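I am keeping these notes as I go through the structure, one entry for each thing I looked up. I try to write down what I found before moving to the next entry.

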Amino acid sequence: MAELAVTVIGHDRPGIIADVAEALSGLGLNLTDSVMTRLRGHFAMTLVCAGEVPVSDVESALDPLIRDGTLTVSVRDVPPEEAAPEKGTPYLLTVHGADRLGLVATVARAVTAAGGNVTDLSTRLAGDLYLLIAEVDLPDPDALRTRLAEVLDLEISLRAADSDLL
Amino acid sequence: MRVHTAPHPVLATPGKDVDPTDPEIVRLTESLFGTMRVSPGCVGLAAPQVGLSLRVFVVDVTGHPKARTCHGAFALCNAEVVEATRWEKGREGCMSVPDLTGDVRRAGRVLVVGQAPGSGERVELRTDAFEARALQHEIDHCAGLLFLDRVAGAHAVYPRKTYL
């Protein structure tokens, strides 16, 4: 089954998700995985949907959303991804401190250098407080702790995020 | 016994009260123990997971690193949580939801009351930590609830990963 990636970003108002979901289901597209949140008040949604529908048809169906200029919509074909086994074990990384330029870049580069991979991330700026929360797969958590201690003068929290089968 | 997975309707159906002295119920608990023991990593199994809408489950957290108090392997009928304190979030997976995990707040200390299969005697179980979490998870199954019904937020469900 072909997959399409759709992003919708812009001014928030009630009904955007209903509008998007109705347009997609009206085309016979099955909305599979999606995330929506508000980023500094902006509506932000990313989703993947499945179905044999040309990108141009999806763009036409979503066109009413962008007519007043407050929302940006993109539609792209994406090849289906195979679920590959993860390397390492999952940890939850939390970093917070005074806002500064390049904090995410520094932390993300340190994760990569430690052989890890970010699988989920959110950041928030509240006043002068900057907060980064990331799910990371790591082969060696101490390697990341050491690397972050070299490049960052902030306290970090790195906790196991494994799940228990019940 | 075959373990049913969501969205099978039996997993969303509240289980019926059982007569714990009924030999069929005793046999059911033995089957649940058998299925639990052949399922790697499994620390509990409830009757709805094997397709029976009944308030019966088994638990065994022996040797689990997150367990503190541990009552070994036991089965309970018609169990309910009567006291719950020290709520904390933990990430759960479930054999009946094989592709997802989720963050769920559970009480870290509980008093559970139920009946022993066979004798039908009233059982009071006071426990904590991982055994408390397992009991709440299984009692939820018996009420037709999955961990998905209790996740901590819209972004608190994750794809279950397989690690090398």
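**Entry: two helices of chain A.** I looked up how α1(A) and α2(A) cross, and their crossing is right-handed. I keep in mind that this is a predicted model. The two helices pack at an angle of about 160°, and their axes are 9 Å apart. Angles over 145 degrees count as roughly antiparallel, and α1(A) and α2(A) are therefore roughly antiparallel to each other.

Which residues of α1(A) meet α2(A)? I found that D19(A), V20(A), A23(A) and G26(A) in α1(A) do so, and that they meet A61(A), L62(A) and L65(A) in α2(A). When I sorted this contact by class, I wrote down five nonpolar residues, one polar residue and one charged residue.

**Entry: the sheet.** Next I followed the strands of an open sheet in chain A, which has four strands in the order β2-β3-β1-β4 with antiparallel pairing. Its edge strands are β2 (30–39) and β4 (71–78) of chain A, and each of them pairs on one side only. I also noted how far neighbouring strands of this sheet are turned against each other, which is 10° on average when direction is ignored.

Helix α1 (residues 16–26) of chain A packs on the sheet, where it touches β1, β2 and β3 (42–50) of chain A, and its direction makes about 20° with that of β3(A). Helix α2 (residues 55–66) of chain A also packs on the sheet, but it touches β1 and β4 of chain A, and its direction makes about 165° with that of β4(A).

**Entry: the partners of β1(A).** I then asked how many bridges join β1(A) to β4(A). Strand β1 (residues 3–11) of chain A is joined to β4(A) by eight bridges, and the two strands run antiparallel. As examples I wrote down V6(A), whose bridge partner in β4(A) is V75(A), and G10(A), whose bridge partner in β4(A) is L71(A). With β3(A), strand β1(A) pairs in the antiparallel sense over nine bridges, and here A5(A) stands opposite V48(A) in β3(A).

**Entry: domains of chain A.** The domain assignment of chain A gives domain 1 as 3–78 and domain 2 as 89–160. I looked up the separation of domain 1 and domain 2 of chain A, and their C-alpha centres lie 31 Å apart.

**Entry: where chain A touches chain B.** The contact takes 11 residues from chain A and 19 residues from chain B. On the side of chain A that touches chain B, the elements that give two or more residues are β5 (89–98) and β9 (164–165) of chain A. By class, this side of chain A has five nonpolar, two polar and four charged residues.

Do β9(A) and strand β3 of chain B pair in the parallel or the antiparallel sense? I found that β9(A) and strand β3 (residues 74–94) of chain B pair in the parallel sense, over two bridges. Within this pairing, D164(A) has E92(B) in β3(B) as its bridge partner.

**Entry: two backbone details in chain B.** In strand β3 of chain B I found N78(B), which has a positive phi of about 50° although it is not a glycine. I also noted that the peptide bond from A6(B) to P7(B) is cis, with omega near 15°, and that P7(B) lies in the segment before α1 (23–37) of chain B.

Conventions
Residues numbered from 1 in each chain as written. Chains lettered and ligands numbered in written order. Predicted model: local features only at pLDDT ≥ 70, side-chain atom pairs only at ≥ 80, totals over all residues. Contact = placed C-beta atoms within 7 Å. Nonpolar A, V, L, I, M, F, W, Y, C, P; charged D, E, K, R; others polar. Pairing = 2+ DSSP bridges. Axes fitted to C-alpha atoms, helices over the stretch in contact; angles between N-to-C directions. Parallel < 35°, antiparallel > 145°, perpendicular 65-115°, else oblique. Left-handed = near helix turned anticlockwise from the far one by under 90°. Domains from an automatic or database assignment.
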